[in-house]
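Hello,

Here is the structure I said I would pass on to you. My notes on what was found in it follow below.

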Amino acid sequence: MQHYNMNLTLKVWRQKNKEDKGGFQNYQVKDISSEMSFLEMLDVLNEQLIRDGQDPIAFDHDCREGICGMCSLYINGKPHGDWKANTTCQLHMRAFKDGETIVIEPWRAGAFPVVKDLVVDRSAFDRIIQAGGFISVNTGNAVDGNSLPINKDAADAAFAAAMCIGCGACVAACKNASAMLFLSAKVSHLALLPQGDPERKSRVFNMVAQMDKEGFGACTNTGACEAACPKEISIANIARLNKEYLFASITAEK
Amino acid sequence: MLDAKIPAGSLDQKWTDYKGHCKLVNPANKRKLEVIVVGTGLAGASAAASLGELGYKVKVFCFQDSPRRAHSIAAQGGINAAKNYQNDGDSIFRLFYDTIKGGDYRAREANVHRLAEVSGNIIDQCVAQGVPFAREYGGLLSNRSFGGTQVQRTFYAAGQTGQQLLIGAYQALERQIALGNVKMYNRHEMLEVVIIDEKARGIIARDLVNGNLERHFGHAVLLCTGGYGNVFYLSTNAMGSNVTAAWKAHKKGAFFGNPSFTQIHPTCIPVSGDHQSKLTLMSESLRNDGRIWVPKKQGETRKANEIPEEERDYYLERRYPAFGNLVPRDVASRAAKERCDAGFGVGTSKQAVYLDFADAIKRYGKIEIGKEGRENVSEEEIIALGKEVVKEKYGNLFDMYEKITGENPYELPMRIYPAVHYTMGGLWVDYELMTTVKGLYALGEANFSDHGANRLGASALMQGLADGYFVIPYTIGNYLADEIYNKSISTDHEAFVTTEKEVSNRIEKLMSIKGNISVETFHKRLGKIMWDKCGMARNAQGLEQAITEIQQLKKEFWSDVKIPGAINEFNPELDKAGRVADFIELGELMCIDALQRNESCGGHFREEYQTNEGEALRDDSNYMYVSAWEHKQEHTWELHKETLNYEVIKPTQRNYK
Amino acid sequence: MTWKQVFTSSVGKKLVMGFTGIFLILFLIVHVGLNACIWANDGGEMFNKGAHFMGANWVPRILEIGLFAGLLLHIIQGLLLVFYNRSKRTVGYAINYGNRGSKWYSRSMGLLGTIILLFLILHLANFWLPNRSHQGFLLGEEINLYTTMKDVFSNILVVIVYVFGCISLGYHLAHGFQSAFKTLGIHNKRWHKSISAVGLAFSIIVPLLFAMMPLSFYFGWIN
């Protein structure tokens, strides 16, 4: 792999706080190595801004290895940038060419208000989990881990859904700003396991109600969420959620 | 005199006896008792959830935007438990023994035994929560093997075990939040412990969104704030991982145990340039199939593929024929450093060695051909089939490597180099996980822990969850039972006011420096000092130099740091400045600790103390203790020793030849 | 979980869309089947028989009410959903994800539906309204629909509008068909694959047949 350096123009969304209207601002960065990660490139820009006495750009990030789900950024019209099945922190600068202009926006959704610049408030996701994204088992109540065999395919499918990192790319990508992929990943994860069975009806109902309350849109099955998901969570999970919901509403006692 | 409060009785009865005799709090009183938990990783989330379930009023704090982001999430390999599901001779005693031995005999027997005892319950609990562990076709749980053990006791969920366990604990925590037992404070950083009448009674936290300081009361405070590997600047820790909470507690009277014990993981992706902000781990499991080598010639310029077999030095296989590429982490790391320092390193930086899968690919390819019973198969076809097998086993790791380096590890050997990964040191705690400050507890990686001088793979997750789910719910009751007479203290209490003032003064002081050098630059400089002089190998001269350099760095920091923005706004640079200031102080203590320990053990390798063959040389007669440091004043600490008594295990020299 | 709660939730609203969508798909089969009688080339005899059955018998006439109800529900709920979903992103992006993440027509169901609605108004005004008003909206005598068709489709403008309407219907179905089944909870890969294939075929064949009708009359392919 040939390494190279590049000069770039960055068009970055700046917004002082939640109330501020915000707008784009252009920045130039020079001698960016193709070996840098995208966030390291932003680190370089921030160091430059601090040196020049300007306010550095705020962006969320933590693990920088693609698993914590904290980094976001809508880069050139795609959540987490152009690489497939990838998070912003794992996007590297060899994805860009010398002289390119990169447009960086925050996640856009009514349910994800901007905190500052590129940082948004995703606590709505936590509240959706609070509404039912768990199995009600207190510590110490558990029976032996092997007392209940679980079909391997079901366990694997549950794991594939549970891989969701809660980054919000699905919401950012969806034209309706719907959180259905996030929600359905959790509903599927728990519905596929026998341990999740006792609460399956109330879970799906309450979690959907909470999603609506938080101000996310409805799913129209466009598939943009799946295409943007860094963990390639399948849109089939949404269909499974719908099944759970339909089943729960038909068989509910009241 | 340090009292670890280890219960009397035989080792395997201590925890049972303790649980049978510790004080309890009745449900009506639990409702009146408030507990503060700082950090939401495996230890914090599990503790908060469990205490909430018991009925305590719990407040939880994390600096990230959600409790689910805590860095436990990045753990790849697995979690150990003495279940013996594989019928291969595992037992509580064996897990206990392996952990003590792996820790190079610098851990407390009673704690480690308790850890092994509850390990099985953790798996049960997690399964009940819906953690999708890997399973066999019969529907039962699957296990894999890990370094430093001879049994298969590691439970896993592909390469994302930490994520799955954390999500399990996070969900349990969110459930308690929904039930109103726990109150969550996201994007809040603890900046001070409030101590009233020699007991921890609360914290001062800063809302990172608006910069406001808040006072929170608690009858007890639990620090579950992880490790401090970021003192090295470059580590596999998350960018936000920090020592601040633990350090504040330390300065308020909590002793710091074994600060110099750091784990350097041998297989990480090497540094690519000055811009590097963090390092990424490649799972230990790769060493099962990869062969590690460097060229035999110094300053080799040919590409890996062009170097013939006889000019390659498989140095681990050469030095440690018995364990080969599977020697423990500390040994593998030091061997890589030795080769690179001697000028045999590869890559542009020359600070890397090769991890080569070519042999494994051929071997697997031949097995596949064998299964099909074919003969006269071309070399290319064997390699193609072998690649498929390797992809099946390690595909996600190979993809991650390619994303970061841009190189295809199926064609070229991976370049790897050791990196800081975990800190065995931390706040000193007794058997009940209480620090030397009453009512102040430390759980998980934040305490000096059960791993002695070196942690075995897949044991960090086990310890975090053991502390949170199964230890603290008992031991905290033993303390809080006497607290039922103490009503909640108003946060208008003088101690809260003065402590808050201390915090705001410090923040104002930081902001008023208005110097020329960014926080990041100071952090990098600290990291370089630490890595060069207190990293994989240390010596007295280097450590002494490091102490002087760090003291100088501290002066410079407090006179020339440049922090943009204002206090009362979302200001990540200010948050970082506070953390780096604490790292600088910690760095000094780490060097002091490394300097006083005139022996080599586990992750602590003092160049003066090695065998003729370059192996670590322990000194059990003089250093079989935990060093617990008490902060006295700036640059001054007092050493307290907790002598380690091995009643059951006889320490021996580790030998992997 | 009352019925009201079920059908006012975002998933419930989608269920309404899915159920009514499938119902309308079924109607399309009946409609295209009956209209295909024009190609019998018998001067509209067979076609008019069919039309007579649909118009003069009380069973299909009652079903017709159901059809209108379903149609209205689909239209109203659909439009409400479009506005509901639009309101969820107050500040838009400078650069949209666009076709890189999804098909344009899957994102344009509201637009396609509105075009179909406009077409439908014209369509009803062309045939249904004159016929039913002639019947006094009861079971009265019908007009000759075959000759009406011949009449209406002699105008090139009308033919163009009809073809355009059919293309919109095709794209609407291309997404709507499989999406409806997803909404009703078909998640197995196997079933989803078959349904997608059937849906694609349906969304090409049925609108194509419909589009062929005005073209056939205009170009005189039938007598």
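Helix α2 (residues 123–130) of chain A packs against helix α6 (residues 161–178) of chain B at an angle of about 80 degrees, and their axes are 8 Å apart. Angles of 65 to 115 degrees count as roughly perpendicular, and α2(A) and α6(B) are therefore roughly perpendicular to each other. On the α2(A) side the contact is made by A:Asp126, A:Ile129 and A:Gln130, and on the α6(B) side by B:Gln171, B:Glu174, B:Ile177 and B:Ala178. Sorted by class, the residues of this contact are 3 nonpolar, 2 polar and 2 charged. Please keep in mind that this is a predicted model.

**Two domains in chain B**

For chain B, the domain assignment gives domain 1 (265–419) and domain 2 (501–636). The C-alpha centres of these two domains of chain B lie 33 Å apart. Where they touch, 6 residues of domain 1 of chain B are in contact with 6 residues of domain 2 of chain B. On the domain 1 side, the largest share comes from helix α9 (residues 329–344) of chain B, with 5 residues. By class, that side of domain 1 divides into 1 nonpolar, 1 polar and 4 charged residues.

**Where chain C meets chain A**

Between these chains, 38 residues of chain C are in contact with 43 residues of chain A. Several helices of chain C each supply at least two residues of the side that touches chain A: α2 (10–35), α4 (58–86), α5 (104–107), α8 (156–183) and α9 (189–218). Of the elements of chain C, α2(C) gives the most to this side, with 5 residues. The residues of the side of chain C that touches chain A divide into 14 nonpolar, 16 polar and 8 charged.

**One residue in chain C**

C:Gly199 is found in helix α9 of chain C. Is C:Gly199 buried or exposed? A residue is buried if 20 or more other C-beta atoms lie within 10 Å of its own. C:Gly199 has 20 C-beta neighbours inside 10 Å, so C:Gly199 counts as buried. Leaving aside neighbours within four places in sequence, C:Gly199 is in contact with C:Phe177 and C:Gln178. C:Leu63 is 136 residues from C:Gly199 in sequence, and the two are 25 Å apart in space, C-alpha to C-alpha.

Regards

Technical notes. Residues are numbered from 1 along each chain as its sequence is written. Chains are lettered from A and ligands numbered from 1 in the order in which they are written. This is a predicted model: local features need pLDDT of at least 70, side-chain atom pairs count only at pLDDT 80 or more; totals for chains, interfaces and linings use all residues. Axes are lines fitted to C-alpha atoms, for helices over the stretch in contact, and angles run from 0 to 180 degrees between N-to-C directions. Helices (H or I, at least four residues) and strands (E, at least two) are DSSP runs, numbered from the N terminus. Angles under 35 degrees count as roughly parallel, over 145 as roughly antiparallel, 65 to 115 as roughly perpendicular and the rest as oblique. Two residues are in contact if their C-beta atoms, placed from the backbone, lie within 7 Å. Ala, Val, Leu, Ile, Met, Phe, Trp, Tyr, Cys and Pro count as nonpolar, Asp, Glu, Lys and Arg as charged, and the others, Gly among them, as polar. Domain bounds come from an automatic or database domain assignment. A residue is buried if 20 or more other C-beta atoms lie within 10 Å of its own, exposed if 12 or fewer, and partly exposed in between; C-beta atoms are placed from the backbone.
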